[in-house]
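Hi,

Here is the structure I promised to pass on. Could you have a look at it, and then read my notes below?

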Amino acid sequence: MADRIYPKQATNGTAAATNPSFPATKAQQYGASRPVYRPQPERHRYRRSCCSCCLWTTIAILVLILIAAVASAILYVLYRPHRPTFTVSSLKISALNVTSASKLITNINLNVTAKNPNKKVVYSYNPITVALVTDDDIAIGEGSFGSFVHGTKNTTLLKAAITSSNQELDDASAAKLKKALKSKKGLPLKIKLDTKVEAKMGALKTPKVGIRVVCEGIKATGPKAKSATTASTSNAKCKVDLRLKIWKWTF
């Protein structure tokens with residue numbers, strides 16, 4: 001019989017030589033597990049627009065402030081406005097008594113002189129509230145002046161009756177008032193005037209702003225029997241301040 005010839009089987013080394021294997025690339029190693037790249041939306045454009053808006057808003061505010069400052073300077077040069085002045089002309093006390101029940105009875109006539117020193121500025125006042133208090137802010141009485149127009153280089157006499165009827169006081173306040181009224185030095189008093197005023201300069205009118213006038217240096221003594229007494233006002237000085245209200249705060 002003829003011998004059969006069988007093909008030789010390739011060994012492992014021969015197979016590796018015939019079909020060589022190469023190391024896997026990074027793409028092959030991580031391609032399956034790597035998340036798909038999704039570009040994020042660009043935000044720098046939004047931020048840039050916000051910055052531009054803030055910049056132009058700031059510039060606009062600065063320009064408005066500059067215009068207001070220039071306009072104020074021009075008005076000052078043209079009109080040279082001055083604040084009105086107030087002086088206490090007289091304070092006549094007909095009744096200022098503290099009863100045994102610590103109740104206050106007051107009847108006082110007040111005269112205040114208002115002067116407008118300006119040549120080109122006219123002031124227009126709302127009704128003026130008047131409060132008479134001691135130096136330590138014990139309320140004595142209240143009154144009011146009517147509204148009026150204060151012309152240029154004008155002097156106006158304001159008159160008011162300040163009263164209180166059976167106003168209750170605490171024991172400490174009642175004792176202080178009784179002692180001060182009997183003292184030779186007298187009872188130190190101050191007057192508070194509150195109102196709103198508008199200034200007119202030619203065709204220009206300002207918004208109405210609040211003002212407070214505080215007059216200090218008044219010395220009062222209680223009336224004797226039925227004779228009224230006049231308080232000493234020779235050392236009284238009045239100060240005018242603007243009162244600006246922002247939301248809940250008044251300055």
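Strand E8 (residues 187–201) and strand E10 (residues 209–220) run antiparallel, joined by 10 bridges. Leu-193 has Val-213 in E10 as its bridge partner. For the bookkeeping, strands (E, at least two residues) and helices (H or I, at least four) are DSSP runs numbered from the N terminus, and two strands count as paired if DSSP finds at least two bridges between them.

Before I go on: this is a predicted model, where local features need pLDDT of at least 70 and side-chain atom pairs count only at pLDDT 80 or more, while totals for chains, interfaces and linings use all residues. Residues are numbered from 1 along each chain as its sequence is written, and side-chain values use heavy atoms, with hydrogens and water left out.

Back to E8, which has other partners too. Strand E4 (residues 128–134) runs antiparallel to E8, with six bridges between them; Leu-132 is bridged to Ile-191 there. Strand E9 (residues 204–205) is also antiparallel to E8, through two bridges, and Lys-200 sits opposite Lys-205 in E9. The hairpin of E8 and E9 has two residues between the strands, and Gly-202 has a positive phi near 65° in that hairpin. Finally, E3 pairs with E8 in the antiparallel sense over four bridges, with Ala-199 in E8 as the bridge partner of Tyr-123.

That tyrosine leads on to the aromatics. How many aromatic pairs does a search of the whole structure find? It finds three. Rings of Phe, Tyr and Trp (its six-membered ring) pair if their centres lie within 6.5 Å; planes under 30 degrees apart are stacked, over 60 edge-to-face, and the rest tilted.

One of the pairs is Phe-86 with Tyr-125, edge-to-face at 6.3 Å centre to centre and 85° between the planes. Phe-86 is in strand E1 (residues 85–98) and Tyr-125 in strand E3 (residues 122–125), so this pair ties together parts 39 residues apart in sequence. Phe-86 counts as buried because its relative accessibility is 6%, and Tyr-125 counts as buried at 2%. (Buried means under 20% relative accessible area, exposed over 50%, partly exposed in between, with a 1.4 Å probe and protein chains only.)

Tyr-125 also pairs with Tyr-123; those rings are tilted, 6.4 Å centre to centre with 50° between the planes, and both residues are buried. Ring pairs link Phe-86, Tyr-123, Tyr-125 and Phe-148 into a cluster.

Cheers
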